[in-house]
Amino acid sequence: MTSLIVKNGTVVTASESFRADVKAEDGVITKIASSMDEDADRMVDARGKLVVPGGIDGHTHFEMPFMGTTTADDFESGTVSAAAGGVTTVVDFAVQQKGGSLLEALESWHSKARGKAVVDYGFHMIFRDLNAGTMGEIRRVMAAGVNTFKMFTTYRREGLMLDDGEIAEVMKEVSSAGGLVAIHAESNWLAERNVQSFLGQGKTAALYHLLSKPQIVEGEAVQRAITLARYVGASMYIVHLSSRMGRELVREARLSGLPVFAETCPHYLVFNDSVYRREDAAHFVMSPPIKAEEDRLALWQGLIDGDVKTVGSDHADFTREQKALGKDDFTKIPNGVAGTEVILPLLYSEGVGKGRLSVNRFVQVTSTNAARAYNIFPRKGTIAVGSDADMVVIDPDRKVRLTADFLHAKIDYSIYEDYVTQGYPVATISRGEVVMEENQVVARPGRGSFVPRGPFPGNRCPLFA
Ligand code: URP
Ligand code: ZN
Ligand code: ZN
């Protein structure tokens with residue numbers, strides 16, 4: 001049996017903060033006490049520090065073929081980056097091939113992760129098209145441990161978009177099977193028209209990515225997704241929400257009793273659309289694009305009020321060379337940024353440090369809410385006897401500049417280069433094993449395991465209870 005004790009820290013959960021020592025045996029928390037006078041194979045001193053549940057990043061894209069290239073981080077470098085930033089579970093998106101089977105996609109993502117991941121992982125399924133077999137596969141995919149299905153209202157040219165009828169049909173089946181639907185909400189038609197108009201005028205710079213997707217592009221699709229979810233009675237969340245309008249629509253739906261919430265991402269909370277006027281604007285091209293200052297503030301308000309329940313990174317990173325594929329045409333810039341490593345540092349620094357979030361709300365939005373939404377609570381998402389010993393020690397006094405050299409993603413720049421955090425994770429513990437200490441990731445590739453996520457009890461996502 002292997003054991004570990006985290007001593008002298010302030011333990012923080014979604015609802016409480018208290019001084020305690022925490023013992024883990026064989027990867028599971030076995031004892032929490034105000035003071036423990038016992039030995040363990042490994043002692044971690046957390047005096048003056050916070051001990052929080054390991055972060056759950058419910059939105060990564062490791063080794064994903066996209067827009068003519070493949071994301072730079074695979075499951076090894078991606079989960080190393082996650083562990084370095086205090087994330088102990090990632091949920092990555094398996095992508096159905098056009099015309100292919102969901103189960104094949106799942107198997108293909110298992111082989112990408114197997115032998116490589118340093119922290120635990122699960123999968124969502126990207127539902128790309130309806131064909132004779134795929135509707136019938138939904139329940140089989142759920143039986144194989146995947147209970148979330150993402151659909152796109154855009155990326156028609158990339159072959160990812162479903163129409164409203166298809167979305168409603170999948171929503172109905174996923175919901176009645178006890179799963180959760182995730183929607184990438186942007187109006188393909190509004191965006192595509194703007195794109196054609198800009199390209200027609202020779203406007204090819206990265207700035208036009210932003211200008212072709214103003215907040216109505218997100219708002220229209222969020223409204224439509226909510227209408228469809230209401231119509232079929234589905235539980236649904238909007239991934240990577242970026243706008244005030246989107247947040248208001250989610251709020252209205254939630255207050256009217258619909259099982260709907262939003263996820264946002266660190267980049268929408270830190271930057272505003274001025275980044276698209278920088279020389280390195282292409283590095284900030286993702287979809288949806290980063291919006292105005294009022295949108296950034298509305299997303300913080302959403303986290304404070306509970307409409308925005310989770311923060312996922314949408315980690316889909318590309319090197320300078322890959323981003324340069326779109327130097328003469330913004331529609332060819334591979335969409336996406338790195339982010340799994342900065343969720344906890346930025347939410348702590350900008351959220352707790354600046355008085356926007358209590359430490360308990362910080363734990364909810366970085367861990368507990370995702371565990372509930374994805375049906376892995378209380379195995380993950382809390383510090384409690386019987387839970388996996390996934391914990392992060394945060395030093396509230398540690399200041400870190402988020403340079404490319406400091407961070408672990410396999411890209412040659414950092415969009416956070418100018419940002420200095422106040423507070424930083426100094427140790428990450430995954431199932432009782434210290435996997436990161438002082439920014440060094442010491443874990444063996446392949447130690448991370450697949451976390452199956454079954455149907456919700458009573459077919460209701462506990463986040464809506
Ligand atoms: O720009 C983004 N978000 N890239 C990754 C794919 C997606 O839509 O999540
Ligand atoms: Zn998306
Ligand atoms: Zn994504």
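1. A polar contact is a pair of N or O atoms within 3.5 Å. The model under review is predicted, and in it an oxygen atom of ligand 1 stands 3.0 Å from an N or O atom in the side chain of Lys 150.

2. A polar side-chain atom of His 61 is 3.1 Å from an oxygen atom of the ligand, and a polar backbone atom of Ser 287 is 2.8 Å from an oxygen atom of ligand 1. The protein buries 100% of the 270 Å² that ligand 1 exposes when taken alone.

3. Around ligand 1 there are 14 residues, of which Lys 150, His 184, Ser 287, Asp 314 and Asn 335 come nearest. By class, this shell comprises 7 polar, 5 nonpolar and 2 charged residues.

4. Ligand 1 takes up the space of the largest pocket, which holds about 420 Å³. The pocket is lined by 32 residues, with Met 64, Pro 65, Phe 66, Val 95 and Leu 160 closest to its centre. Two or more lining residues come from each of β7 (65-66), α2 (102-113) and β11 (148-152); α2 gives the most, with 5 residues. The lining divides into 14 nonpolar, 12 polar and 6 charged residues.

5. The second largest pocket has a volume of about 360 Å³. Among its 19 lining residues, Tyr 155, Arg 157, Glu 158, Val 195 and Thr 331 lie nearest the centre. Elements giving two or more residues to this lining are α5 (188-200) and α6 (207-212), and α5 supplies the largest share, 6 residues. By class, 8 lining residues are polar, 6 nonpolar and 5 charged.

Conventions
Residues numbered from 1 in each chain as written. Chains lettered and ligands numbered in written order. Predicted model: local features only at pLDDT ≥ 70, side-chain atom pairs only at ≥ 80, totals over all residues. Heavy atoms only, no water. Near = heavy atom within 4 Å. Polar contact = N/O pair within 3.5 Å; in protein donor to acceptor, adjacent residues only side chain to side chain. Areas by Shrake-Rupley, 256 points an atom, 1.4 Å probe, with all protein chains shown as cover. 1 Å grid on protein atoms, 1.4 Å probe; cavity = no way out; pocket = protein on both sides within 12 Å on 5 of 7 lines; lining within 4 Å. Sits in = over half its atoms within 2 Å of the grid points. Nonpolar A, V, L, I, M, F, W, Y, C, P; charged D, E, K, R; others polar. Points joined across faces, edges and corners; volume = space filled by probe spheres on them. Helix = DSSP H or I, 4+ residues; strand = E, 2+ residues; numbered from the N terminus.
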